[in-house]
Amino acid sequence: MSLTLFTLNRNCSSSLGACLDIMQPGDGLLLLEEAVYLLANSGKPTLDTVQIPEKFRLCLLEEDLAARGLSARINPRYTVVNYPAFVGLCLEFGKVVNW
């Protein structure tokens, strides 16, 4: 079975939950654009309150974190990637699914 990289670009906890529901062990999740706001605590479920299982690889796009002033609020468990590393992730996983 090939692994899938899921990309999420919306600040929507229901999209995050739906994505996590269909992910398989070893799959990856990359948050980019507005989805990096899921890190900010605004009374909604966030990545700090929603448990991301260890079986999934979670990455955050560095440029989007920086543009939104969130770079200092990263859980060290998550991987921050730049654009070249994003391309590398797309090549590493068998499929890419955009949410």
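The chain has three helices and five strands, taken as DSSP runs numbered from the N terminus (helices H or I, at least four residues; strands E, at least two). Their order from the N terminus is β-α-β-β-α-β-α-β. Residues are numbered from 1 along each chain as its sequence is written, and side-chain values use heavy atoms, without hydrogens and water. Because the model is predicted, local features need pLDDT of at least 70 and side-chain atom pairs count only at pLDDT 80 or more, while totals for chains, interfaces and linings use all residues.

**Chain totals**

- Of the 99 residues in the chain, 37% are buried; buried means under 20% relative accessible area, exposed over 50%, and partly exposed in between, with a 1.4 Å probe and protein chains only.
- Among contacts (heavy atoms within 4.5 Å) with a separation of 6 or more, 63% join residues 24 or more positions apart.

**Nonpolar cores**

- A nonpolar core is a set of buried Ala, Val, Leu, Ile, Met, Phe, Trp, Tyr and Cys residues joined through side-chain atoms within 4.5 Å.
- The largest such core holds 17 residues, and those with the most contacts inside it are Leu8, Leu16, Leu20, Met23, Leu29, Leu31 and Leu38.
- Two or more residues of this core come from each of β1 (4-8), α1 (13-22), β2 (28-31) and β3 (57-61).
- Helix α1 gives the largest share, three residues.
- A second, separate core has nine residues, including Leu5, Leu30, Leu32 and Phe93.

- Ser15, Leu16, Cys19 and Leu20 are the buried residues named in α1.
- The buried residues of α1 line one face of the helix, because they fall within an arc of 135° seen down its axis; the arc is that of the directions from the helix axis to the C-beta atoms.
- On the face turned away from the buried side, α1 carries the exposed residues Ser14 and Asp21.
- Strands β1 and β2 are among the elements that cover the buried residues of α1.
- Thr4 lies in β1 and is buried, at 6% relative accessible area.
- Beyond its neighbours within four places in sequence, Thr4 contacts Asp27, Gly28, Phe93, Lys95 and Val97.

**Cysteines**

- The whole structure has zero disulfides, a disulfide being a pair of cysteine sulfur atoms within 2.5 Å.
- Cys19 is buried at 0% relative accessibility, whereas Cys90 is partly exposed at 28%.

**Salt bridges**

- There are three salt bridges, each a side-chain nitrogen of Lys or Arg within 4 Å of a carboxyl oxygen of Asp or Glu.
- Glu34 and Arg68 form one of them, with the closest N and O atoms 3.0 Å apart.
- This pair links distant parts of the chain, 34 residues apart: Glu34 is in the loop between β2 and β3, and Arg68 is in the loop between α2 (62-67) and β4 (79-81).
- Arg68 also forms a salt bridge with Asp64, at 3.5 Å between the closest N and O atoms, and Glu34, Asp64 and Arg68 are linked in a network.
- Arg57 and Glu92 meet in a salt bridge at 2.6 Å, N to O.
- That pair joins strand β3, which holds Arg57, to helix α3 (residues 83-92), which holds Glu92, across 35 residues.
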